[in-house]
Amino acid sequence: MEITFFGQSCFEVVVNGKKILFDPFITNNPLTEAPSESFKPDYLLLTHGHGDHVGFKDTPDDNDALSILKNSGGTVVSNFEIVTWYQNHGIENAHPMNHGGKWSFDFGTVKMVNAVHTSSMPDGSYAGNPAGFVISSDEGTFYHAGDTALHQDMKQISEEFNLDFAILPIGDNFTMGIEDALKAAKYVGANKVIGMHYDTFPYIEIDKSRCLGLASEAQIELILPTVGEAFNI
Ligand code: NI
Ligand code: MN
């Protein structure tokens, strides 16, 4: 699978030829210069409604996810409340889910799993509860945790799936820091972790060499990808 990181929690992953974009935070993201018009995902997966995941803009009624969906005609996949928000803003290609549910799409299967965090849309609308996603396909299986604390439900992921890698927040303060993320990697059964949700703002700045050192002590391969550069995994 080809993966590109755009900073914070935004990744584009190509699975079976379909472009899957997670949590687009583009316009006001200090780490990426990619214009939001350059994104043409087949599917847009949103873990929760916070501005650094839907891509807040100056007007609370607009966000990067909305403009990308309008430009691309891609399908938004999220919880019922968030999907309804996009439908109310003119988006027709939409697939609502909720925690514990899975659905087979043309690229593979998506299961919506628990996250321990909070959620609301930038305009203040109720956004339901935050989530993570497990994507499984014949090309591989991975977990995008969204924003979350370490929690015991992560152990269910290793009971059900054989992950090739996990995308976990490591920036601390609003989510897990590196120590809990390395525990999470064990819980979900991943020995390869792509770090996210770090260095975008002062609250979540990390010491990369310390994180890499702790990961290697824990025998976890920690990947901190260069923003905007595609790599294969
Ligand atoms: Ni959040
Ligand atoms: Mn966040």
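Visitor: Which elements do the buried residues of helix H2 pack against?

Guide: Helices (H or I, at least four residues) and strands (E, at least two) are DSSP runs, numbered from the N terminus. A residue is buried under 20% relative accessible area, exposed over 50% and partly exposed in between (1.4 Å probe, protein chains only), and contact means heavy atoms within 4.5 Å. In this predicted model, the buried residues of H2 pack against strand S3 (18-22), S4, H1, strand S5 (75-79) and helix H3 (80-88). Helix H2 covers residues 64-72, and its buried residues are Asp64, Ala65, Leu66, Ser67, Ile68 and Leu69. Glycine 73, with a positive phi near 70 degrees, follows H2.

Visitor: Which residues coordinate the manganese ion (ligand 2)?

Guide: Donors are N, O and S atoms within 2.8 Å of the metal (3.2 Å for Na, K and Ca); water is not among the atoms, so sites may look incomplete. Here the donors to the manganese ion are Asp52 (OD), His53 (NE2), Asp147 (OD) and His197 (NE2), at 2.1 to 2.2 Å. Their spacing in sequence is D-H-x93-D-x49-H. Aspartate 147 also bridges to the nickel ion (ligand 1), and the two ions lie 3.1 Å apart. Histidine 53 belongs to helix H1 (residues 51-54) and histidine 197 to the loop between strand S12 (192-196) and helix H6 (208-217), so this pair ties together parts 144 residues apart in sequence.

Visitor: At what angle do the axes of helices H5 and H6 cross?

Guide: Axes are lines fitted to C-alpha atoms, for helices over the stretch in contact, with angles from 0 to 180 degrees between N-to-C directions. The axes of H5 (residues 178-188) and H6 come within 10 Å and cross at roughly 35 degrees. At their meeting, Ile178, Glu179 and Leu182 of H5 touch Arg210, Cys211, Leu214 and Ala215 of H6.

Visitor: How many aromatic pairs are counted?

Guide: Rings of Phe, Tyr and Trp (its six-membered ring) pair if their centres lie within 6.5 Å; planes under 30 degrees apart count as stacked, over 60 as edge-to-face and the rest as tilted. The count is 13 aromatic pairs. One of them, phenylalanine 5 with tyrosine 198, is stacked, at 6.3 Å centre to centre and 25 degrees between the planes. This pair links strand S1 (residues 2-5) to the loop between S12 and H6, 193 residues apart. Phenylalanine 5 is buried at 1% relative accessible area, and tyrosine 198 is buried at 4%. In another, the ring centres of tyrosine 43 and phenylalanine 105 are 5.4 Å apart with planes at 70 degrees, so the pair is edge-to-face. Ring pairs also join Phe22, Phe133, Phe142 and Phe165 into a cluster.

Visitor: Which residues does lysine 192 touch?

Guide: Leaving aside residues up to four places away in sequence, lysine 192 touches Asp164, Phe165, Ala166, Glu221, Ile223 and Ile233. Lysine 192 is in strand S12 and is partly exposed, with a relative accessible area of 25%. Its C-alpha atom is 4.8 Å from that of phenylalanine 165, 27 residues apart along the chain.

Notes
Residues numbered from 1 in each chain as written. Chains lettered and ligands numbered in written order. Predicted model: local features only at pLDDT ≥ 70, side-chain atom pairs only at ≥ 80, totals over all residues. Heavy atoms only, no water.
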